[in-house]
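Trainee: Could you walk me through this structure, taking the helices and their side chains one topic at a time?

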Amino acid sequence: MDSVITIGLIGLFIGTILTIIYFLPTMLTKWRASTLGLNLTYGQARTVTKDFCNKKEFLLTVKEIWFWADIPIEKLTNHFNAKGDLTNLRDGIIEMKQKNRDVDFPTLSTFDLAGRDLKEEIRKAETKNWVFDITTD
C-alpha cells in the first residue's frame, strides 16, 4: 500500500513540474497579452512564448496590426525575430488600409526587411499603378 502512495506522489510531483515548465510560461504570456487588450488563443500564446516575442512592444504592435489586418501570429513573430521591430510594418499596413488596398504581407515584409520606409514605398507604388519595385531607390 505504501508503494502505491509513493508512486502516486512521485507521479503527482512529476506532473506538477511538467505543468510548471510547459504550461506556465504560455499561460503567463496569455495573461500578459490580455492585460494589454490582446486576446490570444492558447496556440497563439504558445507561439509567442516559443519564439521569445513576449515583449510589451511586440504585443501592443500586434494588437494594432490585428485591428487593421488578420495576419497570422507565426508570420508576425518571424518578422519580429528577423527585424526586431514591427512599427514600420504596422505603419505600412495602416497606410494600405487607409488607401482601401488589400494588405500584401509578403511584399510589405520584404520591403521592411530591406530597410525601406513602407509609407514612402506605398506612396511610390500608388503613383505607379500599385506596382512595387524593390530595385528603385
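Mentor: Let us begin with a term: a crossing of two helices is left-handed if the near helix is turned anticlockwise from the far one by less than a right angle, and right-handed if clockwise. Please also keep in mind that this is a predicted model.

Trainee: What about α6 and α7, how do their axes cross?

Mentor: The axes of α6 and α7 come within 10 Å as well, and they cross at roughly 125°, which makes α6 oblique to α7. This crossing of α6 and α7 is also right-handed. On the α6 side the contact is made by Leu108, Phe111 and Asp112, while α7 brings Leu118, Glu121 and Ile122. By class, the contact of α6 with α7 has four nonpolar and two charged residues, with no polar residues.

Trainee: Switching topic: how many salt bridges are there in the whole structure?

Mentor: A search of the whole structure finds nine salt bridges. In one of them, the side chains of glutamate 64 and arginine 90 meet at 3.1 Å, taken from N to O. Glutamate 64 lies in helix α3, residues 56-68, and arginine 90 lies in helix α5, so the pair ties together parts that are 26 residues apart in sequence.

Trainee: Are those two buried or exposed?

Mentor: Glutamate 64 is partly exposed, with a relative accessible area of 35%, whereas arginine 90 has a relative accessible area of 16% and is therefore buried, since buried means under 20%.

Trainee: Which aspartate does arginine 90 meet in a salt bridge?

Mentor: The side chain of arginine 90 meets that of aspartate 91 in a salt bridge at 3.2 Å, N to O. Aspartate 91 counts as partly exposed, at 22% relative accessibility.

Trainee: And where do glutamate 126 and lysine 99 lie?

Mentor: The side chains of glutamate 126 and lysine 99 meet in a salt bridge at 3.2 Å, N to O. Glutamate 126 lies in helix α7, residues 118-127, and lysine 99 in the loop between α5 and α6, so this pair ties together parts that are 27 residues apart in sequence. Glutamate 126 is partly exposed, with a relative accessible area of 37%, and lysine 99 counts as partly exposed at 26% relative accessibility. Through salt bridges that share partners, Glu95, Lys99, Arg123 and Glu126 are joined into one network.

Trainee: Last one, what does threonine 47 touch?

Mentor: Threonine 47 is found in helix α2, residues 42-50, and it is buried, with a relative accessible area of 10%. Leaving out residues up to four places away in sequence, threonine 47 touches Ile73, Glu74 and Thr77.

Key:
Residues numbered from 1 in each chain as written. Predicted model: local features only at pLDDT ≥ 70, side-chain atom pairs only at ≥ 80, totals over all residues. Heavy atoms only, no water. Helix = DSSP H or I, 4+ residues; strand = E, 2+ residues; numbered from the N terminus. Salt bridge = Lys/Arg side-chain N within 4 Å of Asp/Glu carboxyl O. Buried < 20%, exposed > 50% of the residue type's maximum accessible area, 1.4 Å probe, protein only. Axes fitted to C-alpha atoms, helices over the stretch in contact; angles between N-to-C directions. Parallel < 35°, antiparallel > 145°, perpendicular 65-115°, else oblique. Contact = heavy atoms within 4.5 Å. Nonpolar A, V, L, I, M, F, W, Y, C, P; charged D, E, K, R; others polar.
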